[in-house]
Amino acid sequence: MEETRQIDKLSLRDGLQILLQAERDSRENNRITNLIKRADFRLPATIEELEVDESRGVPPDLVLQLSSGEYIKSGATVIICGAAGTGKSYLANALGNKACRQGYKVAYYTMQKLLDAIRIARIEGKDQRLMDKLNKLDELIIDDFGMRPLDGQQQNDFEQILDDRYNRKSLIIASQLPVSDWHGLFRNELIADACMDRIVHKAIRFQLVGESLRKKY
């Protein structure tokens, strides 16, 4: 009889532990779902579905290294360059998705949407609030960088974002233009030098090549 009571107690304790673990798992899954939703990714991309191929400029060992999330902890910059359709946005979104699943706060913007958001925030007198919000992100993804030159206040805003994140918070930049052409996107020579120094210094680079992946579909 005593032995039966001990078994019942053990089963009850185990049952409670299972319920508590299920509750923790549910909360964590909900948190990750919310992080992914708030990131507002362009594509439902994942590292697991990424087409890794050394010949296309997506080395498996480098992808595996980034999958650990250590680059986010060190505030590293990732640069992804390549022609249209080579998978830049997919790779950027996949890295962001992985970061969310590791519990990091991420946001995805095209360069134009980011500049528009800052411009509208400034008109409303909320530009510093937006800058503070961007600064709190563990990872900021800027896609379609270099589609048009930066001038006036845009240069100062972009420099502030880079300065706030430099060696502290991760940044991913995707562009059709090679890095060698980025300096010419700025009207102000001094700002161009400052921005390029912060972007390129110790950056992790991908140069995607090959035919457009869109031709497969």
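In this predicted model, Asp-143 and Arg-42 form a salt bridge through their side chains, with an N to O distance of 3.7 Å. Asp-143 belongs to strand 3 and Arg-42 to the loop between helix 1 (2-39) and helix 2 (60-67), so the bridge ties together parts that are 101 residues apart in sequence. Asp-143 is buried, at 0% relative accessible area, whereas Arg-42 is partly exposed at 39%.

**Other salt bridges**

- The count of salt bridges comes to eight.
- Asp-163 and Arg-198 meet through their side chains at 3.1 Å, N to O; this pair links distant parts of the chain, with Asp-163 in helix 7 and Arg-198 in helix 8 (residues 189-200), 35 residues apart.
- Both partners are partly exposed, Asp-163 with a relative accessible area of 41% and Arg-198 with 22%.
- Through shared partners, salt bridges join Arg-42, Asp-143 and Asp-144 into one network.
- Within helix 5, Asp-116 and Arg-119 are three residues apart, about one helical turn, and their closest N and O atoms lie 3.9 Å apart in a salt bridge.

**Helix 5**

- The 13 residues of helix 5 (residues 111-123) should span 18 Å at 1.5 Å a residue, which agrees with the 19 Å between its end C-alpha atoms.
- Met-111, Leu-114, Leu-115, Ile-118 and Ala-121 are buried in helix 5; viewed down the helix axis, the buried residues fall within an arc of 125°, so they line one face.
- The face turned away from this buried side carries the exposed residues Lys-113 and Ile-123.
- Elements covering the buried residues include strand 2 (106-110), helix 6 (127-135), strand 3 (139-143) and helix 7 (153-165).
- Gly-125, which follows helix 5, has a positive phi near 75°.

Note on methods:
Residues numbered from 1 in each chain as written. Predicted model: local features only at pLDDT ≥ 70, side-chain atom pairs only at ≥ 80, totals over all residues. Heavy atoms only, no water. Helix = DSSP H or I, 4+ residues; strand = E, 2+ residues; numbered from the N terminus. Expected span 1.5 Å × (residues − 1). Buried < 20%, exposed > 50% of the residue type's maximum accessible area, 1.4 Å probe, protein only. Arc of directions from axis to C-beta. Contact = heavy atoms within 4.5 Å. Salt bridge = Lys/Arg side-chain N within 4 Å of Asp/Glu carboxyl O.
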